[in-house]
Amino acid sequence: MDTKAAGYRRKVNTINRFITALQRAGLAFGPMELLTVPGRRSGEPRTFPLAVLKVQGEEYLIQAFPKAAWVANVRAAGAGTLSRGRRSRRVRFAELPVAERGPVLREVVAGGPASVGKRYVTTGLAESPTPDGVAAAAAAGRIAVFRVEVA
């Protein structure tokens with residue numbers, strides 16, 4: 001990760017701590033939910049604030065940073081808890097095959113603000129902030145996409 005991406009990551013980590021505290025206090029906002037999964041090595045619960053995105057009636061968790069710890073933990077656990085405010089639900093995660101990620105990412109980037117595509121470029125996951133550019137990164141396997149399913 002280059003210096004610009006590392007600085008961006010530090011800012012996001014600081015904001016994530018704030019969002020986690022607000023969510024735990026019962027204040028929910030935007031598409032943010034708290035993902036709690038067992039750590040892949042320790043087995044201890046790990047909590048991450050993430051946007052749960054709806055695409056064509058399905059819910060998804062989408063990687064925004066290279067080597068995101070939550071991605072490895074979800075792959076290992078396959079299930080966890082999503083909490084929003086004071087409500088929690090047990091869920092399973094189905095990682096989309098590389099060939100199926102592009103259409104989901106294309107829709108997320110096309111339907112969101114320009115900053116969505118730019119984030120993937122800033123973090124080094126995509127080379128272009130356009131819907132097709134981010135979808136191409138998904139096709140290359142750089143962006144993990146998990147469908148959220150009822151446990």
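Colleague: Which ring does the charged end of arginine 119 sit over?

Modeller: A charge counts as over a ring if NZ of Lys or CZ of Arg is within 6 Å of the ring centre and within 35 degrees of the ring normal. For arginine 119, the charged end is 5.6 Å from the centre of the ring it sits over, and that ring belongs to tyrosine 120.

Colleague: What pLDDT do local features need here?

Modeller: This is a predicted model in which side-chain atom pairs count only at pLDDT 80 or more, totals for chains, interfaces and linings use all residues, and local features need pLDDT of at least 70. Residues are numbered from 1 along each chain as its sequence is written, and side-chain values use heavy atoms, leaving out hydrogens and water.

Colleague: Okay, over to arginine 17. Why does arginine 17 count as exposed?

Modeller: Arginine 17 is part of helix 1, and helices here are DSSP runs (H or I, at least four residues), as are strands (E, at least two), numbered from the N terminus. The labels go by relative accessible area: buried is under 20%, exposed over 50%, partly exposed in between, with a 1.4 Å probe and protein chains only. Arginine 17 counts as exposed because its relative accessibility is 55%.

Colleague: And how are the C-alpha atoms of arginine 17 and proline 49 separated?

Modeller: Along the chain, arginine 17 and proline 49 are 32 residues apart.

Colleague: What phi does glutamine 56 have?

Modeller: Glutamine 56 sits in the loop that links strand 3 to strand 4, and it is exposed because its relative accessible area is 70%. Most residues other than glycine have a negative phi. Glutamine 56 is not a glycine, yet its phi is positive, at about 50°.

Colleague: What about lysine 67: what is its relative accessible area?

Modeller: Look in the loop between strand 4 and helix 2 for lysine 67. Lysine 67 is another non-glycine residue with a positive phi, about 55°. It is exposed, since its relative accessible area is 82%.

Colleague: Is glycine 30 buried, exposed or partly exposed?

Modeller: Glycine 30 belongs to the loop joining helix 1 and strand 1 (32-38). With a relative accessible area of 48%, glycine 30 is partly exposed.

Colleague: Last one. How many Å apart in space are glycine 111 and proline 131?

Modeller: Glycine 111 lies in helix 3 and is exposed because its relative accessible area is 67%. In sequence, glycine 111 and proline 131 are 20 residues apart. C-alpha to C-alpha, the gap between glycine 111 and proline 131 is 9.2 Å.
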